[in-house]
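Please open the structure in the viewer and keep the selection panel at hand. The stops below say what to select and what is found there.

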Amino acid sequence: MITPAFELSQDSDYLTLVIRVPYTRTSEFDICIDGSDFKFYAKPYFLRLNLPGRIVQDGREKASFDIDKGLFTMRVPKEKAGHHFEGLQMLTSLLAPKGSRSAKALVEDVGACGGSEAGQEYEDEEEEFDWQVEQEMYVAPSVEDLQKLQKYGFGNLRTAVFSRLQEELSDVIDVGDPDNSTPTARRRDRLDAETSVFCADHYLCDLYEGEEMRQVYLNFKPWWSEMRNTQVVINRNEEKEQMRKFPNRSHLLDPATRRTIWLGLLDIVLAYVYDVRTTNGEHNVESAWTIRKLSGTLSWLETYHSVHEVLVSFGRRVLCYPLHRHFSLIMAAMRDTAHIFQCGKACVLKCLLAVHKVFRENEPAYILNDLYITDYCVWIQRAK
């Protein structure tokens, strides 16, 4: 667990806590207030504070989250109005654990007498002790250190995201050390990984068997198949609610960056339409894995330079990773994607909203929304 950066301030009646938790799930905040003990958990962040005064949770508390800045702000009433909390600026001391919460011995005899119950008490004691885990103050990297790190994400606008979250996000991307891996190294490693993982037996089996099921996928009519540009409308309440929650950002991009963004979009839509076809339009528990695994942009933080590179990368990954590996499915996905782009921005946006929903409901793929999909959803609405 990671100790987030935080700040404390106060007035006569309230204590205000500002906690910086970028790249976390906005729907899952756990808070516990017990007198002078304050606990906050939002995977992968955990914060426990031993406050110099008592606070209460009586309905007057208020909380908000700034998605764009990654700031969680909570205003909590003091137990005694007018009580001034001393030492709020001593952040390190606030992180120190109180110590054991009981007088039980740390080592107990769990012999024949009541063995099972004693064992259960020992397990409970272990769980209670976890709340007193050691915490380390967050130290922001210097400008010089940040300049040494590699960039990635939408338009290569992110950096240092994985430097603290690597352990939590190792299952999301395939790059070992993204903050120190150059685009050239990432591409080389991606190609090597695809070459080593390719299974000739699996490929030959799909080539000569499974024709009946494959035809089901090829004959399936996805939601975009009958659409034309003038027919695509964002009309579902869920989609509209998604869009209302997106930050209002403006993206000032140079032509070279804008080109890589379009190619990354092509890569992501290809992966999405493949999943739609091979699930008959019903996303399942494997959909988040399939989409991010087939997209070199999402799994390897790849930056493409031509349409040809995108198509070759997608084709290679389809023949290496998913359950169904056949060239006809690759061609079907390419035709679907061409049709989606011809239908215009609204059709592309519907695809991105679907991907955003799949990732939002998956642990830990939600981080890819912050790195790529949310920005794509905002940018495509203004793109020419």
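In this predicted model, begin by selecting Phe40, whose bridge partner in β4 is Leu47. Two residues lie between β3 and β4, and the strands form a hairpin. Phe40 also belongs to a cluster in which ring pairs link it with Phe29, Phe65 and Phe72.

Next, display the open sheet of four strands, ordered β1-β2-β6-β5 with antiparallel pairing. At its edges stand β1 (5-10) and β5 (62-66); each has a single partner strand, so one side of each is left without a neighbour in the sheet. From one strand to the next, the twist averages 15 degrees. Select β1 together with strand β2 (residues 14-20) to see antiparallel pairing over six bridges; here Ser9 stands opposite Thr16 in β2.

Now turn to the aromatic pairs, of which there are eleven. Select Trp224 and Tyr272, a tilted pair with 6.1 Å centre to centre and 50 degrees between the planes. Trp224 lies in the loop between α7 (211-219) and α8 (237-245) and Tyr272 in helix α9 (residues 255-278), so the pair ties together parts 48 residues apart in sequence. Trp224 counts as buried at 1% relative accessibility, and Tyr272 counts as buried at 3%.

Then select Tyr376 and Trp379, an edge-to-face pair at 6.1 Å centre to centre, with 75 degrees between the planes. Both residues are buried.

Finally, select Lys350, whose charged end sits over the ring of Trp223, 5.5 Å from its centre. Lys78 lies over the face of Phe85, at 4.8 Å from the ring centre.

Note on methods
Residues are numbered from 1 along each chain as its sequence is written. This is a predicted model: local features need pLDDT of at least 70, side-chain atom pairs count only at pLDDT 80 or more; totals for chains, interfaces and linings use all residues. Side-chain values use heavy atoms; hydrogens and water are left out. Two strands pair if DSSP finds at least two bridges between them. Axes are lines fitted to C-alpha atoms, for helices over the stretch in contact, and angles run from 0 to 180 degrees between N-to-C directions. Rings of Phe, Tyr and Trp (its six-membered ring) pair if their centres lie within 6.5 Å; planes under 30 degrees apart count as stacked, over 60 as edge-to-face and the rest as tilted. Buried means under 20% relative accessible area, exposed over 50%, partly exposed in between (1.4 Å probe, protein chains only). A charge sits over a ring if NZ of Lys or CZ of Arg is within 6 Å of the ring centre and within 35 degrees of the ring normal.
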